[in-house]
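Please open the model in a viewer and keep the selection panel at hand. The stops below may be followed in order.

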Amino acid sequence: MRARRLGWLAALVGGAVLAGCDRGPLADRATRTKRAFGAVRLPSNVHAAPGLPVRFGVGRAATPAEIVALDVDVTPDGHGLPPGSGTPTQGAAVFAAKCAACHGAAGEGQAGPPPAGVPPAPKLVGRDPRDGFPFGQDPELVKTVGNYWPYATTVFDYVRRAMPLTAPGTLTNDEVYAIVAFLLAQNEIIDRSVALDSATLVAVRMPAREKFVLDDRKGGATFR
Amino acid sequence: MHEDETAGQGKGDTANGTRSDHPAEERNGLVTRRGLIAAAAASAGGAILARLPAEAQAPATRAAPAGPSVQAPSPAPVSGAFELADVPADPTRAPGPPTSALGARSPFETPARSPAGVLSGSSYTPLHELTGTVTPSDLVFERHHAGVALIDPAKYELLIHGLVERPTVFTLDDLRRLPSESRTCFLECSGNGRGAFKTPKREMSPQAVDGLTSSGEWTGVPLAVLFREVGVRRGASWIRAEGGDASRLSRSVPVEKGLADAMIAFAFNGEPLRPANGYPARLLLPGYEGNANIKWVRRIELADSPGMFRDETSKYTDPLANGTARQFSLVMDAKSIITAPAHPARLTPNAWTQITGIAWTGRGKIVRVDVSTDGGASWVVADLQAPVMSLAHTRFRLPWKWDGKRTVLMSRAVDETGAIQPTLAEFRAKRGAGTDYHFSYIRSWVVEPDGQVFFAVDV
């Protein structure tokens, strides 16, 4: 089973699976039928299910325009960063108007109870602890953009797709750049004079960048 | 940038003043049909009022769902709900009510989720009120990041693009025409158990401890079938999936998972998905943490790298004791929990009872569950309900007679890779007291001399 899947994966990734042969998850129904009914004689008018095409041709072609409209991902290599720019100073004004009610004036988190109908919003600003990365050891530490987020592009991506929580998708690209600039400046990651755009944002190196490791758990007797 | 709200809630959780024998309507000051029934029953001298636990839904605290207007069909006729007041003294002396369009539970049974939080919230499956391995659809846990997306199926579309030969848009009808599969598997939030780990309370029920896991039969199109429709190109190593909710929640998973057993699921337990669980279609990644199983999935991009989205960087990563944080820790660890006897149960001394619970692992099948009735000093192999299904809740059972002395009950799962559920001490040593997800250590329950069972906060 495993060998068949891997073989199919190789063929698929190689782009070779185009002919109408019968491979993949629906593969070899004749063999399956034979295995199930091998010892039994099927009536003469009952047959194994015929092979299936590689493709069923279902769905319609997506247009480049609709892909662009839907694909809002911004990734660490800068893919998806739109035209526009914003400074920490501009960001302070946008943040005060659209974010501070929940996240606090300086991004320090909610002081009192949240506005009706929204959950408590977290602290966004804070670099401590500056030495090490003791989040696993110390349950009291609060994760912020400054001390935990490994990529600046994630801040842009998340703010643009999901914030403000009660009105997502309403910020302009310039406003998002400005909010990200404000948060990075508040976290002492960029200078207050820096304007963020697609070139400067992708160049920002976050303090926690090197602290993340890939999953090394594999099951088995050793608990990791 | 809201906080996770998976800190442990349960209607058996008496620590927050939420007593299990206290109807929610009273707390909310609402007059509801159920409240009236309860009042009627009470005035009829029924002791059954005490059996009416909190009705978990609290619509008054919920924001009205925003989103496209959906033409609701007119409500089905009689839902078949039964009322306590209609329960005759002797059911053999009078015919009962007729058939009905929709089934309903006995008025004596009122299992409920325990919703918490607004917009970014969760509700917990009442594990201690369920038996077997299948979670009823209306009791499947919820975890939303911007509320429940309400989607008109006629407008639903799934775009698959990126490193593919043919970027394609699939309608729901397209998905339903393609070859489908059904598989039974669990779905667990990787934050499940956070409340029990961070702020444990003796009065936590299994629902409050681990209610963010559910299991049942999912039906959908294998992602591998859709990959053949679009023609995945060389170099595609990651799938980036995006939801159609107001948080447009996005996650990245290795493309191998898509080829192995992922599906675009459109049904659960024999009917279309419920809105809270991703209607009309969601990504299902058997054995992977719940958050990656993107609900209301509207876009899948094949790419050569992960997107490094918020929910795979600042959230859903595991800070470790060694000063790093584990990323893309997608597979759920082997785990189990005793669901009975557990808080708020009370045992009778020197009487037989049954210790039972569920075990599951993201790495295949559960092969053994050990139960200890002496705080881990010794273990007994429990019976597993056959058939044991890969990546699904597995029911274990062990008949037991309590001798009336204080003791601690534990369960310990072993999966087919040989992984053994660790003790809390082993878990803390490896992951750290500040770790944030995948709380898979052994759960323990204290039986006090008076028979009351409590969650063990320090074992």
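Residues are numbered from 1 along each chain as its sequence is written, while chains are lettered from A and ligands numbered from 1 in the order in which they are written.

Next, select residues 1–23 of chain A, where pLDDT stays under 50. Where pLDDT is low, the predicted coordinates should not be read in detail.

Now display both sides of the contact (C-beta atoms, placed from the backbone, within 7 Å): 65 residues come from chain A and 76 from chain B. Among the elements of chain B supplying at least two residues each are helix H6 (223–230) and strand E14 (325–327); helices (H or I, at least four residues) and strands (E, at least two) are DSSP runs, numbered from the N terminus. H6(B) gives the largest share, five residues.

Select strand E2 (residues 212–214) of chain A, which pairs with E14(B) in the parallel sense over three bridges; pairing requires at least two DSSP bridges. There, A:Leu214 stands opposite B:Gln327.

Finally, move to the open sheet of four strands in chain B, ordered E15-E16-E20-E19 with antiparallel pairing. Its edges are E15 (335–340) and E19 (383–384). E15(B) joins E16 (residues 352–360) of chain B over five bridges, with B:Trp360 as the bridge partner of B:Lys335.

Methods. This is a predicted model: local features need pLDDT of at least 70, side-chain atom pairs count only at pLDDT 80 or more; totals for chains, interfaces and linings use all residues. pLDDT is the predictor's confidence in each residue, from 0 to 100. Two residues are in contact if their C-beta atoms, placed from the backbone, lie within 7 Å.
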